[in-house]
Amino acid sequence: MKYSPLRTRNTEQRTMPRNVEIKARVSDLDSLKKRAQILSDKVGTLIEQEDTFFHVEHGRLKLRSIKGACGVLIQYDRPDQQGPKLSSYNMVEVDDVDNMKTVLSAALGIMGTVRKTRLLVMLGQTRIHLDDVEGLGHFMELEVILEDGQTTEYGQHIAEGVMEALEISQADLLDCAYMDMILKTKDNITKL
């Protein structure tokens with residue numbers, strides 16, 4: 001079955017979709033991969049992604065290019081904090097990623113690019129992402145996709161349970177996006 005970035009989302013939903021997210025640094029990606037696969041009883045889907053971020057006044061806007069699939073334009077807003085956090089987002093599939101990138105670049109300017117290989121493992125309503133991010137290393141993201149009527153607290157409870165089952169330490173939690181980490185790395189190099 002061909003991967004579709006919108007397959008796990010109810011596209012008929014009229015309210016802004018939400019999820020609860022956790023991001024953590026990972027020292028042993030292979031061990032975490034095995035734990036995720038055992039927990040979910042699924043192998044997962046390997047995805048190659050390139051996210052181009054654009055300058056915007058509110059939230060974030062990224063154009064995701066996915067090898068072997070259509071792209072997706074994602075607008076989202078979430079706080080930079082450690083642990084579970086609520087993210088509200090909108091997504092639309094993009095057939096012509098190159099031309100969309102040209103248009104958005106001209107209108108908004110490019111902030112930067114994140115390239116990663118991601119293993120997506122589904123566990124109920126939770127997307128487990130095991131990421132190898134170019135220039136940054138290995139990470140894990142959990143996205144608990146909230147259904148209508150589910151509270152942020154409920155999503156946090158699920159995320160914390162999955163985090164515990166995967167043996168993710170509080171000390172490994174991150175408070176920022178990959179793009180922020182790449183920009184910080186570039187700033188530190190510029191200062192040298």
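The legends below describe an overview and several close-up views of a predicted model.

**Figure 1. Overview of the secondary structure.** The protein is built from four helices and eight strands, and from the N terminus on these elements follow one another in the order β-α-β-β-β-β-α-β-β-β-α-α. The chain has 192 residues, of which 47% count as buried. In this predicted model there are 13 salt bridges, and some of them are taken up in the views that follow.

**Figure 2. A salt bridge between arginine 60 and aspartate 180.** The side chains of these two residues meet with a distance of 2.8 Å from N to O. Because arginine 60 belongs to strand E3 (residues 60–66) and aspartate 180 to helix H4 (residues 178–191), the pair ties together parts that lie 120 residues apart in sequence. Arginine 60 counts as buried, since its relative accessibility is 15%, and aspartate 180 also counts as buried, with a value of 16%; the cut-off that applies to both is a relative accessible area under 20%.

Figure 3. Between arginine 118 and glutamate 141 the closest N and O atoms are 2.9 Å apart. The pair links distant parts of the chain, with arginine 118 in strand E6 and glutamate 141 in strand E8, 23 residues apart. Arginine 118 is buried at 2% relative accessibility, and glutamate 141 is buried as well, with a relative accessible area of 8%. Through salt bridges that share partners, Lys23, Arg118, Asp131 and Glu141 are joined into one network.

**Figure 4. A salt bridge between arginine 115 and glutamate 134.** Here the closest N and O atoms of the two residues are 3.8 Å apart. Arginine 115 is in strand E6 (residues 110–123), whereas glutamate 134 is in the loop between strand E7 (126–133) and strand E8 (137–145), so that the pair links distant parts of the chain, 19 residues apart. Arginine 115 counts as partly exposed, at 36% relative accessibility, while glutamate 134 is exposed, with a relative accessible area of 52%.

Figure 5. Glutamate 93 is placed in strand E5 (residues 85–94) and is partly exposed, its relative accessible area being 38%. After H2 comes glycine 109, which has a positive phi, near 85°.

**Figure 6. Two loop residues with positive phi.** Aspartate 41 has a phi near 60° and is found in the loop between helix H1 (29–40) and strand E2 (45–54), where its relative accessibility of 72% makes it count as exposed. Glutamate 167 has a phi near 65° and lies in the loop between helix H3 (152–165) and H4; this residue, too, counts as exposed, at 58% relative accessibility.

Figure 7. Isoleucine 22 lies in strand E1 (residues 18–25) and is buried, with a relative accessible area of 1%. Although isoleucine 22 and glutamine 156 are 134 residues apart in sequence, their C-alpha atoms are 9.0 Å apart in space. The other pair shown is threonine 152 and lysine 85, which are 67 residues apart along the chain and whose C-alpha atoms are separated by 8.2 Å. Threonine 152 is placed in helix H3 and counts as buried, at 19% relative accessibility, a value that falls under the 20% cut-off for a buried residue.

Terms used:
Residues are numbered from 1 along each chain as its sequence is written. This is a predicted model: local features need pLDDT of at least 70, side-chain atom pairs count only at pLDDT 80 or more; totals for chains, interfaces and linings use all residues. Side-chain values use heavy atoms; hydrogens and water are left out. Buried means under 20% relative accessible area, exposed over 50%, partly exposed in between (1.4 Å probe, protein chains only). A salt bridge is a side-chain nitrogen of Lys or Arg within 4 Å of a carboxyl oxygen of Asp or Glu.
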